[in-house]
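User: Hi! I'm new to this one. Could you walk me through it?
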Amino acid sequence: EQSNVKAVYSRSDITFLATATDAQDALSNLDMTLEALLSQQRKDVTTPDVLHTCTTRHTLQSIFEYFAQWKFNRLVVVDEEEKVIGIVSA
């Protein structure tokens with residue numbers, strides 16, 4: 001069994017996924033499991049579902065350009081075997 005990271009979610013991602021239409025809806029969203037929440041398809045292009053990674057060989061310039069181009073604010077740093085060794089966050 002592989003133990004690769006499948007996704008990374010921040011508070012803003014969870015807030016987006018749990019968007020409520022009214023107060024009652026907001027309260028019912030608090031009872032959702034994380035599994036149910038993360039299984040929802042996100043449609044906001046600034047928070048794509050693709051797991052974005054980089055390696056320790058990437059330059060800071062390339063990371064900044066990546067953030068600007070894709071409007072994404074975190075990269076999972078992986079080694080040659082794709083094991084997580086860190087996270088770069090803007």
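This is a predicted model: local features need pLDDT of at least 70, side-chain atom pairs count only at pLDDT 80 or more; totals for chains, interfaces and linings use all residues.
Analyst: Happy to. One term to begin with: a polar contact is a pair of N or O atoms within 3.5 Å; within protein, one must be able to donate a hydrogen and the other to accept it, and residues adjacent in sequence count only if both atoms are side-chain atoms. A polar contact of 2.7 Å joins the side chains of glutamine 61 and glutamate 65.

User: Thanks. How many helices and strands does the chain have?

Analyst: The chain has 4 helices and 3 strands. Helices (H or I, at least four residues) and strands (E, at least two) are DSSP runs, numbered from the N terminus. Along the sequence the pattern reads α-α-α-β-α-β-β.

User: In what order do the strands sit in the sheet?
Analyst: The order is E1-E2-E3, in an open sheet with mixed pairing. E1 and E3 are the edge strands, each pairing on one side only. Two strands count as paired if DSSP finds at least two bridges between them.

User: And where does H4 pack?
Analyst: H4 packs on the sheet and touches E1, E2 and E3. Its direction makes about 140° with that of E2. For that angle, axes are lines fitted to C-alpha atoms, for helices over the stretch in contact, and angles run from 0 to 180 degrees between N-to-C directions. Contact here means heavy atoms within 4.5 Å.

User: Do E1 and E2 run parallel or antiparallel?
Analyst: Parallel: 2 bridges join E1 (residues 53-54) to E2. Threonine 53 stands opposite valine 76 in E2. Together with helix H4 (residues 60-70), E1 and E2 make a right-handed β-α-β unit. Right-handed means that, with the strands pointing away from the viewer, the path from the first strand over the helix to the second runs clockwise.

User: What about E2 and E3, parallel or antiparallel?
Analyst: Those two run antiparallel, with 5 bridges joining E2 to E3 (residues 84-89). Valine 78 stands opposite valine 84 in E3. E2 and E3 form a hairpin with 5 residues between them, and glutamate 82 in the turn has a positive phi of about 65°.

User: Why is E2 described as largely enclosed?
Analyst: Because 5 of the 5 residues of E2 (residues 74-78) are buried, the strand is largely enclosed by the rest of the structure. Buried means under 20% relative accessible area, exposed over 50%, and partly exposed in between (1.4 Å probe, protein chains only). In a regular strand the side chains alternate between the two faces of the sheet. Here both faces are covered: Arg74, Val76 and Val78 are buried on one side, Leu75 and Val77 on the other.

User: What does histidine 52 touch?
Analyst: Leaving out residues up to four places away in sequence, histidine 52 touches Tyr66, Phe72, Arg74, Leu75 and Val76. It lies in the loop between helix H3 (34-38) and E1. Histidine 52 is buried too, with a relative accessible area of 11%.

User: Are arginine 57 and glutamate 80 buried or exposed?
Analyst: Arginine 57 is exposed at 67% relative accessibility, and glutamate 80 is exposed with a relative accessible area of 64%.

User: And which residues form the other bridge?
Analyst: Lysine 83 and glutamate 81, with closest N and O atoms 3.5 Å apart. Lysine 83 is partly exposed at 48%, while glutamate 81 counts as exposed at 57%.

Note on methods
Residues are numbered from 1 along each chain as its sequence is written. Side-chain values use heavy atoms; hydrogens and water are left out. A salt bridge is a side-chain nitrogen of Lys or Arg within 4 Å of a carboxyl oxygen of Asp or Glu.
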